[in-house]
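Biologist: I would like to learn how to read the features of a model. Could you walk me through one?
Modeller: Gladly; here it is.

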Amino acid sequence: MATILKNIIIIGASGNLGPSILSALDSHPRFAGDIEVLSRSSSKTTFPPHIKIHRVSDSYPFDELAAACKDQDAIVNMAPITEVATHKTIIDAAIKAGVKRIILSEFGTNVPELQTTEPLAQVYRGKVEIRKYMESKEGQGLTWTGLVVGAFLDWGLEDGFLGFDLKSKTATISDSGTTPTNFTLLATTGLATAAILDKPAETANRYVFINSFRTTQNEILSALQTVTHQKWKVKHTSCEEESRVGREKLEKGDWTGIGQAIMGASYSGGKYDFTEGRKLDNELLGLPINEDLETTVKRIVRGEQEKKVGPDAMMITEDLPVLQRPNPE
């Protein structure tokens with residue numbers, strides 16, 4: 001008998017990615033009305049009134065997690081990746097509660113093929129440990145999926161950690177700016193999560209790979225200059241330098257280095273370009289393939305423009321819809 005997943009609980013539904021996943025699941029015909037959220041008791045985040053919230057102690061005790069996961073078919077886990085012990089407890093509690101599927105807190109780059117010496121090892125070491133722990137539990141009724149998306153284009157442009165400052169109209173280009181890398185939109189990641197849970201047999205115990213774009217820094221810069229009708233200031237750096245500075249900060253526990261580490265890794269190609277020799281899962285999940293970069297950049301810039309007050313707001317002449325997503329915590 002085929003496995004059907006219906007009752008879904010989300011851990012970490014606030015933040016930058018959580019609202020997009022919650023929205024996609026809550027609007028999916030299979031899952032609508034059956035979505036619940038697990039939240040730390042200290043959290044002040046609010047959710048739509050029809051979403052049931054399970055408040056648990058901030059330390060995520062096993063018994064409270066197991067109780068919250070009772071009668072759930074699947075967990076979407078977006079707990080902080082730095083809390084490795086918490087992720088292991090979530091996995092154990094899911095098995096105890098009889099959960100059938102957990103989507104691991106991946107949502108990033110090609111972790112399976114990276115080595116511990118890579119620039120982002122400090123960030124992804126925990127992901128590798130959690131995935132191996134989950135694999136050791138296979139056969140106990142709980143299956144897993146890891147979703148690989150590359151970098152988030154909309155979040156990265158809005159927050160500036162991809163090397164593009166929308167406010168000052170300054171681009172920091174690593175090396176030649178011609179190395180292609182993979183980007184996915186937050187909303188597309190939400191749709192992918194819902195589609196994975198709608199296709200449990202095809203996505204069990206493996207990584208699923210998607211993207212919205214495979215593009216370069218220079219192509220992103222060109223799109224930004226086109227939609228803002230301005231020539232941007234360009235600074236140059238190297239992937240090696242960005243990786244070094246980011247790694248040194250992270251090794252000291254300074255998480256402000258994450259942006260530089262991501263830049264250095266993402267724009268260096270190699271194993272981070274996970275499309276090489278691999279068929280993506282966009283078609284399996286019913287997702288768009290090769291979304292239009294300029295149209296998307298225009299929506300992102302338009303959304304940032306609407307947040308600004310004053311005469312320096314960027315002007316865009318075409319009336320395109322703004323990409324909407326719930327506010328994070």
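Modeller: Start with a crossing. H1 and H6 cross in the right-handed sense. Keep in mind that this is a predicted model.

Biologist: At what angle do the axes of H1 and H6 cross?

Modeller: At roughly 45°, with the axes coming within 8 Å. Angles under 35 degrees would count as roughly parallel, and 65 to 115 as roughly perpendicular. H1 is therefore oblique to H6.

Biologist: Which residues of H1 and H6 meet?

Modeller: On the H1 side, Ser 20, Ile 21, Ala 24 and Leu 25. They meet Leu 186, Ala 187, Gly 190, Leu 191, Thr 193, Ala 194 and Leu 197 of H6. Sorted by class, this contact has eight nonpolar, three polar and no charged residues.

Biologist: Is H1 largely enclosed or open?

Modeller: For that, count buried residues. Buried means under 20% relative accessible area. Seven of the nine residues of H1 are buried, so the rest of the structure largely encloses this helix. The seven are Gly 18, Pro 19, Ser 20, Ile 21, Leu 22, Ala 24 and Leu 25. Their cover includes S1, S2, S4 and H6.

Biologist: How should I think about a core?

Modeller: In soluble globular proteins, nonpolar side chains tend to be buried together. Here, the largest nonpolar core has 31 residues. Ile 10, Leu 25, Val 76, Phe 107 and Leu 197 touch the most other members. Strand S1 (8-11), helix H1 (18-26), strand S2 (35-40), strand S4 (74-77) and helix H6 (186-198) supply at least two residues each. H6 gives the largest share of this core, six residues. Apart from this core lies another, of 29 residues, including Ile 81, Ile 91, Ala 94 and Met 134.

Biologist: What is Leu 25 in contact with, beyond its neighbours within four places in sequence?

Modeller: Ile 8, Ile 10, Phe 31, Ala 32, Ile 35, Val 76, Ala 194 and Leu 197.

Biologist: Now a second crossing. How do the axes of H2 and H3 run?

Modeller: The axes of helix H2 (residues 62-69) and helix H3 (residues 84-97) come within 8 Å and cross at roughly 50°. That angle makes H2 oblique to H3. The crossing is right-handed. From H2, Phe 62, Leu 65, Ala 66 and Cys 69 take part. From H3, their partners are Thr 89, Ile 90, Asp 92, Ala 93, Lys 96 and Ala 97. By class, seven residues of this contact are nonpolar, one is polar and two are charged.

Biologist: How many residues of helix H9 are buried?

Modeller: Seven of the nine in H9 (residues 258-266), so the rest of the structure largely encloses this helix. They are Gly 259, Ala 261, Ile 262, Met 263, Gly 264, Ala 265 and Ser 266. These buried residues pack against strand S7 (151-152), strand S9 (170-174), strand S10 (181-184), H7 and helix H8 (239-251).

Biologist: What is phi near in Asn 290?

Modeller: Near 55°, a positive value in a residue other than glycine. Asn 290 lies in the loop between helix H10 (282-285) and helix H11 (293-307). Its relative accessible area is 61%, so Asn 290 is exposed.

Biologist: How many helices and strands are there in the protein?

Modeller: Eleven helices and 13 strands. Of the 329 residues, 53% count as buried. Among contacts with a separation of 6 or more, 77% join residues 24 or more positions apart.

Technical notes
Residues are numbered from 1 along each chain as its sequence is written. This is a predicted model: local features need pLDDT of at least 70, side-chain atom pairs count only at pLDDT 80 or more; totals for chains, interfaces and linings use all residues. Side-chain values use heavy atoms; hydrogens and water are left out. A nonpolar core is a set of buried Ala, Val, Leu, Ile, Met, Phe, Trp, Tyr and Cys residues joined through side-chain atoms within 4.5 Å. Buried means under 20% relative accessible area, exposed over 50%, partly exposed in between (1.4 Å probe, protein chains only). Helices (H or I, at least four residues) and strands (E, at least two) are DSSP runs, numbered from the N terminus. Contact means heavy atoms within 4.5 Å. Axes are lines fitted to C-alpha atoms, for helices over the stretch in contact, and angles run from 0 to 180 degrees between N-to-C directions. Angles under 35 degrees count as roughly parallel, over 145 as roughly antiparallel, 65 to 115 as roughly perpendicular and the rest as oblique. A crossing is left-handed if the near helix is turned anticlockwise from the far one by less than a right angle, and right-handed if clockwise. Ala, Val, Leu, Ile, Met, Phe, Trp, Tyr, Cys and Pro count as nonpolar, Asp, Glu, Lys and Arg as charged, and the others, Gly among them, as polar.
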